[in-house]
Amino acid sequence: KGWDDADARLVAVALAKHLARDPDGEAKELIKPLLQKLLSEFSGVVWPVLSQAIGSSDKLRSWKMQSALGDPYSFGDRKSPPILGLPEDVLFAWCHAQPEVGPAFVASVASVLAGNDADAPSQEFHPIIRRLLVEFGDREDVLRRIEQNMHSFGWMGSLTTYFALYKAPLKSLENHPRGPVRRWAKKMLTSIEHQISAARDDDDEQQAHWDV
């Protein structure tokens, strides 16, 4: 019944508290499909609970919240981590209020690319990542977490195709207003080229094995 229903708000809070208390428990798989709806329609009562767990001094619990709010290993052309259900202004207000925790967490769980379709005519960074680079691109932890996020993926087929998705988005950062972002993008482009080359060698080796 949505936000206007008092019982719905109580249920939303109860689910959020349950997940925050045990983000890797048996109920996670039941709650996670509801998270986008909870965050989009009940952010006022759900996000304070979940964000407190993210910023907890219990580092293991905070790390487990990444799994609950992210979607790193999906195989779809468009990732849909639950964190994207949270209104963008709420998300970035939290990042600015908690700069030592928020920006790096978002960099870990948000979709890096707008889409993962290798046949799409062009690729670009997801709007959340683009805004993160503009507002927090001078933070080394944010850039490091984006890089880690890029290397957490589910993929079928040659890895050359996967890594090639990032070439155009990284090249688009050549004139970024933040120097650290420009330097990071240049370094990442070099790294991506090396990984494409290594993946191509692996493909050739595997093909030679099958041809024997």
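Colleague: Which residues of helix α5 are buried?

Modeller: In α5, residues 59–69, they are Ser62, Met65, Ala68 and Leu69. Buried means under 20% relative accessible area, exposed over 50% and partly exposed in between, with a 1.4 Å probe and protein chains only. Helices are DSSP runs of H or I with at least four residues, numbered from the N terminus. The model is predicted: local features need pLDDT of at least 70, side-chain atom pairs count only at pLDDT 80 or more, and totals for chains, interfaces and linings use all residues. Residues are numbered from 1 along each chain as its sequence is written, and side-chain values use heavy atoms, without hydrogens and water.

Colleague: Why do they line one face of the helix?

Modeller: Viewed down the axis of α5, the buried residues fall within an arc of 105 degrees, so they line one face; the arc is that of the directions from the helix axis to the C-beta atoms.

Colleague: And what does the face turned away carry?

Modeller: It carries the exposed residues Lys59, Leu60 and Trp63.

Colleague: Which helices do the buried residues of α5 pack against?

Modeller: They pack against α1 (6–21), α2 (28–31), α3 (35–41), α4 (43–54) and α7 (102–109), contact meaning heavy atoms within 4.5 Å.

Colleague: Changing topic, is serine 43 buried or exposed?

Modeller: Serine 43 counts as buried, because its relative accessibility is 16%. This serine lies in helix α4. Not counting residues up to four places away in sequence, serine 43 touches Leu38, Pro48, Leu86 and Pro87.

Key. Helices (H or I, at least four residues) and strands (E, at least two) are DSSP runs, numbered from the N terminus.
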